[in-house]
Amino acid sequence: MSALSVRDLSVSRGGHAIVDGVGFTAPSGRITGLIGPNGAGKSTLLAAILGLTPATGAAHFDGLDLPRMARRDRARQVAFVEQSATTDDRLSVEEVVALGRIPFEAAWQSGPSPEDQAIIARALAETGMASFGPRRFDTLSGGEQQRVHLARALAQQPRLLLLDEPTSHLDIRAQLQLLALLQGKAATGMTIMLALHDLNLAARFCDHLVVLAGGRLVAEGRPNDVLTPSLLREVYGVSARLVADPAAGDALIVYDQAVE
Ligand SMILES: Nc1ncnc2c1ncn2[C@@H]1O[C@H](COP(=O)(O)OP(=O)(O)OP(=O)(O)O)[C@@H](O)[C@H]1O
């Protein structure tokens, strides 16, 4: 089974644990939401899973020791959409997405093969960016850039996809499109984990939730079991109600106020 299994993962900075003994399993072919307030350690945890920041503990995917793998080998299995991904701004959109094929290129290959070009075109189409191929990346809006970073990750054809707040610059339609696209990918067997701030979207689109606060795992499980008013009060410091949504067959979170 190609689940992501994280065990006792810890990251310390300045003598302070910012990720503290976190363990969970993100199920195979499902979407796992990583939620928690600002500064909870979500970005640090994702970076630690991929060995991009020094950490102790373990993160395995289908028997692969993710933090200790060679970068190129890992990039053939796992793609990461960072919160503020840096890109050489002079590249065109097509060239940015083509970066996703580099881990698969032979040493003598100069530029994408016809097969790579088809994969790049498909990733651009799936993210609604097909007509932007020749545009310079630095001329895009924040939301368009975010979609291109997703397209670059999809072009890697990963078995595990990690995303750090991939909807932060997207309008509501684009958020729904992105999450529906991820659902489709999960249905093909891709294991997906994404950090997300919108808890109603997390409840609707995620199969599994991992809740962090103060660097520690607070809860893990199905959205309906995890997103309770008491958890929202404890973790986010808000009073909130769950209101039945008969059309969707589950509950919506309605926030009342921040509490002390
Ligand atoms: N190099 C560092 N030195 C000291 N503290 C750090 C360092 N890097 C991160 N932190 C702290 O670790 C905590 C976790 O940061 P992280 O970015 O992982 O949180 P997050 O859950 O992703 O937050 P957000 O929702 O705001 O993006 C924060 O309090 C941050 O200030």
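1. In this predicted model, helix 5 is mostly covered, since eleven of its 14 residues are buried. The buried residues run from Gln145 and Gln146 through Arg147, Val148, His149, Leu150, Ala151, Arg152, Ala153 and Leu154 to Ala155. Among the elements that cover them are strand 6 (78-81), helix 3 (93-98), helix 4 (114-126), strand 7 (160-164) and helix 6 (172-187).

2. The largest nonpolar core holds 73 residues, of which Leu45, Ile49, Val97, Ala151 and Leu162 touch the most other members. Helix 5 (residues 142-155) supplies the largest share of this core, namely six residues. As a general background, nonpolar side chains tend to be buried together in soluble globular proteins.

3. Val97 deserves a separate look: leaving aside residues up to four places away in sequence, Val97 touches Ile120, Ala123, Leu124, Val148, Ala151, Arg152 and Ala155.

4. Turning to the ligand, the residues around it are Arg13, Gly14, Ile18, Gly36, Asn38, Gly39, Ala40, Gly41, Lys42, Ser43 and Thr44. By kind, this shell divides into seven polar, two charged and two nonpolar residues, and helix 1 (residues 42-49) gives the most to it, with three residues.

Note on methods
Residues are numbered from 1 along each chain as its sequence is written. This is a predicted model: local features need pLDDT of at least 70, side-chain atom pairs count only at pLDDT 80 or more; totals for chains, interfaces and linings use all residues. A residue is near a molecule or strand if its C-beta atom, placed from the backbone, lies within 6 Å of it. Helices (H or I, at least four residues) and strands (E, at least two) are DSSP runs, numbered from the N terminus. Ala, Val, Leu, Ile, Met, Phe, Trp, Tyr, Cys and Pro count as nonpolar, Asp, Glu, Lys and Arg as charged, and the others, Gly among them, as polar. A nonpolar core is a set of buried Ala, Val, Leu, Ile, Met, Phe, Trp, Tyr and Cys residues joined through C-beta atoms within 7 Å. A residue is buried if 20 or more other C-beta atoms lie within 10 Å of its own, exposed if 12 or fewer, and partly exposed in between; C-beta atoms are placed from the backbone. Two residues are in contact if their C-beta atoms, placed from the backbone, lie within 7 Å.
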